[in-house]
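Work through the exercises below with the structure open beside you. Try each task before reading its solution.

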Amino acid sequence: MKKRYVYKMTDLGLSVFMALVAGYGIISGIRFGILSGGRPGTGFQPVFAGLILFISSVCLFIKTIRDGKKKIDELQADAEKQKKHEEQQRLREEDAAKNRRDTETWLGKAAAKLIPQAKLRWALIYLVGIWIIIFIIDKLGMYVGLWLMNFLFLKFISKYSWWQSLLIASAIAASFYLVFSLTLGINVPSFLNSLR
Amino acid sequence: MLEALHMLSIGMSNLMDPYTLLMCGFGGMLGVLVGALPGLGATAGCSLLLPITFTMNPTVALVTLAAVYYGDMFGGGISAILINIPGDSHAAVTALDGYALSKKGYAGKALFVCFLSSFVGGMIGAMLLTVMGTTLTNIGLKFGAPEMAMVILVAMTSIGWILGEVPYKGLIATGLGLLLATVGMEPLTSRPRFLFGQIALVQGIPFIPACIGLFGLSTVIQITVDGIFKVPDVQTKRLRYKECIPSKEEFKRMVPVHLRGATEGFFIGMLPGSGATIATFFAYLIEKRVNKRGSEMGTGIVEGVAVAEAADNAAAIGSFGPMFALGIPGSGTSAVLLGGLLMWGLQPGPLFLTNNAEMAWSVIASMFIGCLIVAVLCIVMIPLLSSIVRVPNRILMPIVVSLSLIGAYAVNLSMYDMYIVLIAGVIGYFFLEIGIPQSPLVLSLLLGYDLEKYFRQAIIMGSGKWSVFLTRKLSLGIVIFGLLFISIPIVVNILKKRRTIRKKQ
């Protein structure tokens with residue numbers, strides 16, 4: 001029977017990416033100077049860290065390749081296991097759906113059209129979304145930014161109604177203001193300052 | 001020793017003034033609050049309170065500020081356990097087992113263990129400070145760069161115990177953490193490294209925002225990705241007080257853990273410049289190695305919370321040793337307290353304990369009483385605190401994100417720290433998905449800078465000779481301890497295997 005190879009692509013990708021990062025660290029370290037006058041120089045630690053990272057990345061790469069060489073019968077067994085697991089998952093989800101609301105959100109559906117992989121998509125939504133919020137905090141003040149973020153989160157991810165989202169977001173922002181600004185006197189970027 | 005006990009009794013009698021006791025309790029609870037809020041540590045708490053204490057009697061002021069410091073140790077664990085965001089850097093270790101316990105539905109128990117262990121750690125620390133504070137401080141001062149480098153190296157060798165299921169991935173996290181620790185100005189010549197044109201990176205990657213992102217924000221992203229309605233809420237029913245109290249067996253198991261954790265924490269806390277965070281990581285890693293249930297630590301057992309909390313409180317109290325005996329701050333917070341002493345017209349230094357004996361012993365006495373007050377108040381509040389995890393994920397998650405952002409900002413009042421939280425959060429999320437443990441990254445990020453600093457200082461001290469680590473007695477002792485520490489479990493394992501083979505034959 002012809003052998004098939006299955007590799008964990010994430011692990012392969014991770015090891016290659018980390019080896020590149022390690023390579024950058026090592027080369028930069030050598031440029032900084034590993035030793036100066038027989039003593040450890042500026043580049044000593046980056047080279048040391050880079051070597052640990054590089055060696056472990058290569059080891060992970062080799063391990064992933066070795067683990068990936070599975071025979072076809074193992075693959076079939078895996079596929080059956082996966083099928084069973086998916087069936088169980090489906091039943092669990094159906095059960096959960098009876099008591100809970102739909103998990104698909106408007107934001108998720110819209111983003112799904114742009115990026116196919118769910119996990120990557122959500123990570124990007126967070127990255128871009130919070131990046132924008134931090135920008136807003138910088139321009140309009142801490143509590144305005146946090147209020148906006150909470151409102152959008154509650155409306156589009158938590159799926160509360162407009163009124164509920166408005167009330168909860170305002171309550172969160174108000175309690176943060178009470179604790180951080182009024183009680184502890186922490187000087188956060190404020191909306192009034194941004195107007196000046 | 002008898003003299004110390006006599007002085008302690010004088011300190012206790014000074015403390016019996018209701019106003020001093022009230023301020024001690026107030027300071028302790030303020031410490032709990034600043035500890036529980038991410039980004040605001042004891043240093044920030046003491047700095048906030050310092051101007052207010054200016055009008056107070058110096059003894060009362062110092063008692064209040066000291067209470068903020070150890071109160072912070074109690075509070076740091078609260079947000080770490082309930083929402084996986086360490087309130088202060090030392091609480092990153094508490095989050096490992098504390099949040100895992102919370103997810104299992106034992107948030108109340110985790111909080112109880114956290115407060116109890118902080119109390120026991122504080123008591124052991126205060127006792128050690130009373131009995132052998134001056135002696136230990138003098139030993140601590142013999143710790144130079146070679147010894148510190150070796151202590152950190154021993155801690156780093158123990159990372160092996162938290163590498164996770166695939167050790168290579170844990171090593172990748174370690175290497176990455178060490179590499180990230182080199183970002184910014186290098187410790188000896190201040191030459192900038194890996195700035196990528198960003199001036200904000202000159203100070204390096206800030207530890208607390210990185211922790212908040214790696215632990216807190218990454219969890220929020222994971223829960224949202226898995227479906228905010230699918231992931232069950234941590235706790236749905238009202239918590240009964242009975243459920244918070246650990247079993248008899250768990251109490252028994254915690255006794256040696258407290259003793260070890262507090263002793264290690266106290267001694268490391270006394271070393272100038274080490275602080276509670278290194279002490280907590282060190283004690284946790286040692287415990288993971290020596291405890292029978294060490295392999296389960298990190299999955300949510302009481303020992304993990306107990307050792308971290310006992311060590312951090314003992315370390316906080318230990319840092320008062322060099323401050324009182326020699327006028328050297330053991331941590332950032334004790335540096336603020338030293339500033340306070342100057343403000344009140346007192347002269348910190350080797351004669352402080354002699355010239356202001358009554359004041360110093362009142363503060364030491366207040367540690368016994370203050371820890372008790374804070375522990376009782378915190379334990380009484382457990383049902384109220386644990387009601388946080390009863391908030392549905394749909395509301396709790398945006399609160400956690402907000403707290404992460406404002407907490408990160410509060411550390412240095414810098415927008416840049418918010419971006420660090422965000423980037424660390426996304427990296428932490430991918431780590432969770434790919435199965436890379438976050439703890440080695442956090443540990444090596446924390447220790448990497450100090451390791452480089454002490455290692456290079458040691459070589460300079462040895463005039464370029466790398467044998468400096470073996471020629472100094474204390475350093476050699478630590479090297480031998482480290483080697484034994486690594487080799488004994490391996491030898492024991494080999495012997496065990498041989499015995500089993502013999503029995504089978």
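The exercises cover the chain interface and then the aromatic pairs.

This is a predicted model: local features need pLDDT of at least 70, side-chain atom pairs count only at pLDDT 80 or more, and totals for chains, interfaces and linings use all residues. Residues are numbered from 1 along each chain as its sequence is written, chains are lettered from A and ligands numbered from 1 in the order in which they are written, and side-chain values use heavy atoms, with hydrogens and water left out.

**Exercise 1. Describe the contact between chain B and chain A.**

Step 1: count residues. Chain B gives 64 residues to the contact and chain A gives 67 (contact: heavy atoms within 4.5 Å).

Step 2: take the area. About 6100 Å² is buried between the two chains, and carbon and sulfur atoms give 79% of that. Buried area is the accessible area (1.4 Å probe) that two parts lose on being put together, summed over both.

Step 3: B:Lys169 forms a salt bridge with A:Asp11, with the closest N and O atoms 3.0 Å apart.

Step 4: find the elements on the chain B side. Those giving two or more residues include helix H2 (18-36), helix H8 (167-180) and helix H19 (393-412) of chain B. H19(B) supplies the largest share, twelve residues. Helices here are DSSP runs (H or I, at least four residues), numbered from the N terminus.

**Exercise 2. Classify two aromatic pairs.**

Step 1: search. The whole structure has 16 aromatic pairs over all chains. Rings of Phe, Tyr and Trp (its six-membered ring) pair if their centres lie within 6.5 Å; planes under 30 degrees apart count as stacked, over 60 as edge-to-face and the rest as tilted.

Step 2: take A:Phe176 and A:Phe180. Their ring centres are 5.9 Å apart and their planes stand at 35 degrees, so the pair is tilted. Both residues lie in helix H7 (residues 162-183) of chain A, four residues apart, about one turn of the helix. Both A:Phe176 and A:Phe180 are buried (under 20% relative accessible area, 1.4 Å probe, protein chains only).

Step 3: take B:Phe455 and B:Phe469. The centres are 5.3 Å apart and the planes at 15 degrees, so this pair is stacked. B:Phe455 lies in helix H21 of chain B and B:Phe469 in helix H22 (residues 468-471) of chain B, so the pair ties together parts 14 residues apart in sequence. B:Phe455 and B:Phe469 are buried.

Technical notes. Salt bridge = Lys/Arg side-chain N within 4 Å of Asp/Glu carboxyl O. Buried < 20%, exposed > 50% of the residue type's maximum accessible area, 1.4 Å probe, protein only.
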